[in-house]
Amino acid sequence: MRMLHTSDWHLGRSFHRVSLLAAQRAFLDHLVETVRTREIEAVLVAGDIYDRAVPPLAAVELFDQALHRLAGLGVPTVMISGNHDSARRLGVGSGLIRQAGIHLHTDPDACGTPVLLEDAEGPVALYGLPYLEPAMVRDRLGAARAGHAEVLGAAMDRVRADLATRPGTRSVVLAHAFVTGGAASDSERDITVGGVASVPAAVFDGVDYAALGHLHGCQTLTERVRYSGSPLAYSFSEAAHRKSMWIVDLGPHGEVHAERVDCPVPRPLARIRGPLEDLLDDPGLEGHQDSWVEATLTDSARPHEPMARLAERFPHIVSLVFDPDEGPARTLASYAQRLRGRSDQEIAEDFVEHVRSGRAADADERAELRSALDEVRLDDTLHEVAR
């Protein structure tokens, strides 16, 4: 069976206040054309369809058009909700949509209920595991504790139990999670719970292929466990990413052969760094005039109107960072730059150490901070569900 694995569309997202709607439409055109020309037999979308729980109308319309086009091709599509989606909103009408071959999995209780497809080699069971917020689904899934590994493990126990009743059936799981060994970028929302964000790849043992979403870089953790990554770059930390989808051929005995298919690039990303005058004069930067540019200025003193001057050479500059090479002006480095790549827990612990003149938080205080952060994340999730 030939499947197309994609994820993290984030419909409705912008890039440094620049709308990406046209680029997202071009990606969906590319996806539909790939399905049509490459003889795809099933489309797998591993979560974060939308960028937020209440997406803008234009994003909803774009999603609706994509569903109609995929249904029109007669190719079954399996989708799960991600941590950016409102599972309840995304799942509205899923029973009716299923009749058109679009299977929206947003209910944790249905983790062990597969979509059953058939090809010339026999049956294939596709299980959709929506993003599982530990504190909200622990009791429903019977997990030992409210952690990512525990709730995902409990969901996979249901998958394996159902699969055991289907001898000779090949299997695929869609999941939205941070799996150990994956490389994160700046544009993924933190899902840390209890100080832990990741789960081991071994949690997917027993199935032939795990189609993952959440991390925005295309990655192979094992031959059978892969991230497709996002189809577009959503932060400058993804400047070196090759945006793509996986075409996965599942053999008659569960063998996996995967091929990357590149996605359209609306505009390349470029990170440039140096004193302002060097950036304005360096001939080696000529090729970045059509790129979205993030410029980091290393001048010891803040130059006059740097953004306007850089925009004359780089019309698509969208981000300006100050990071002086030396001296007291280093304190001008942007707040976002200083926090880049740090978890909420690390930021909170650093703040405690800063206000106490270098005395770090002890184990009890770190536990209190972790508990408070988990409470805030749960409150936010419950608020999104209520909306």
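**View 1. Thr-220 stands opposite Arg-226 in β14.** This legend and those below describe a predicted model. The two strands in this view, β13 and β14 (residues 225-227), run antiparallel and are joined by three bridges. Both belong to an open sheet of six strands with mixed pairing, in the order β7-β8-β9-β12-β14-β13. The edges of this sheet are β7 (115-119) and β13 (219-222); each has a single partner strand, so one side of each is left without a neighbour in the sheet. From one strand to the next, the twist averages 20°. Helix α6 (residues 148-163) packs on the sheet, where it touches β8 (122-129) and β9 (170-176). The direction of α6 makes about 160° with that of β8.

**View 2. An open sheet of three strands has parallel pairing.** Its strand order is β17-β18-β19. Neighbouring strands here are turned by 15° against each other on average, direction ignored. Strands of a sheet pair through backbone hydrogen bonds, either parallel or antiparallel. Between β18 (residues 292-297) and β19 the pairing is parallel, over five bridges. In one of these strands, β19, Ile-317 is the bridge partner of Val-293. Helix α8 (residues 306-313) lies across β18 and β19 and runs at about 135° to β19.

**View 3. Helix α2 (residues 57-73) has a buried side and a face turned away from that side.** The helix has 17 residues and reaches 25 Å from its first C-alpha to its last, close to the 24 Å expected at 1.5 Å a residue. Ala-59, Leu-62, Phe-63, Ala-66, Leu-67 and Leu-70 of α2 are buried. These residues are on the same side of α2 because they cover an arc of only 140° around the axis. The face turned away from the buried side carries Leu-57, His-68 and Gly-72, which are exposed. Elements that cover the buried residues of α2 include α1 (21-37), β4 (42-46), β5 (77-80), α3 (87-90) and β6 (102-105). Just after the helix, Gly-74 takes a positive phi of about 75°.

**View 4. Strand β6 is covered on both faces.** In a regular strand the side chains alternate between the two faces of the sheet. On one side of β6 are Ile-102 and Leu-104, on the other His-103 and His-105, and all of them are buried. Strand β6 pairs with β5 in the parallel sense, over four bridges. The bridge partner of Ile-80 in β6 is His-105. Both strands, β5 and β6, are among the elements that cover the buried residues of α2.

**View 5. Buried residues of helix α1 pack against strands and a helix.** The 17 residues of α1 should span 24 Å at 1.5 Å a residue, and the end C-alpha atoms are 24 Å apart, which agrees. Buried in this helix are Ala-23, Gln-24, Phe-27, Leu-28, Leu-31, Val-32, Thr-34 and Val-35. They pack against β1 (2-6), β4, α2, β15 (244-250) and β16 (256-262). Just after α1, Glu-39 takes a positive phi of about 55°.

**View 6. Cys-263 and Cys-111 are both buried.** The relative accessible area is 7% for Cys-263 and 0% for Cys-111. A disulfide is a covalent bond between the sulfur atoms of two cysteines. The cut-off used for such a pair is 2.5 Å between the sulfur atoms. For Cys-263, the closest cysteine sulfur is in Cys-218, at 8.9 Å, which is too far for a bond. By this rule, the model has zero disulfides.

**View 7. Arg-359 is in the loop between α10 (344-355) and α11 (363-386).** Is this residue, Arg-359, buried or exposed? Arg-359 is exposed, with a relative accessible area of 52%; the cut-off for exposed is over 50%. Apart from neighbours within four places in sequence, Arg-359 is in contact with Val-352 and Glu-353.

Key:
Residues are numbered from 1 along each chain as its sequence is written. This is a predicted model: local features need pLDDT of at least 70, side-chain atom pairs count only at pLDDT 80 or more; totals for chains, interfaces and linings use all residues. Side-chain values use heavy atoms; hydrogens and water are left out. Buried means under 20% relative accessible area, exposed over 50%, partly exposed in between (1.4 Å probe, protein chains only). Two strands pair if DSSP finds at least two bridges between them. Axes are lines fitted to C-alpha atoms, for helices over the stretch in contact, and angles run from 0 to 180 degrees between N-to-C directions. Contact means heavy atoms within 4.5 Å. The expected span of a helix is 1.5 Å times one less than its number of residues. The arc is that of the directions from the helix axis to the C-beta atoms.
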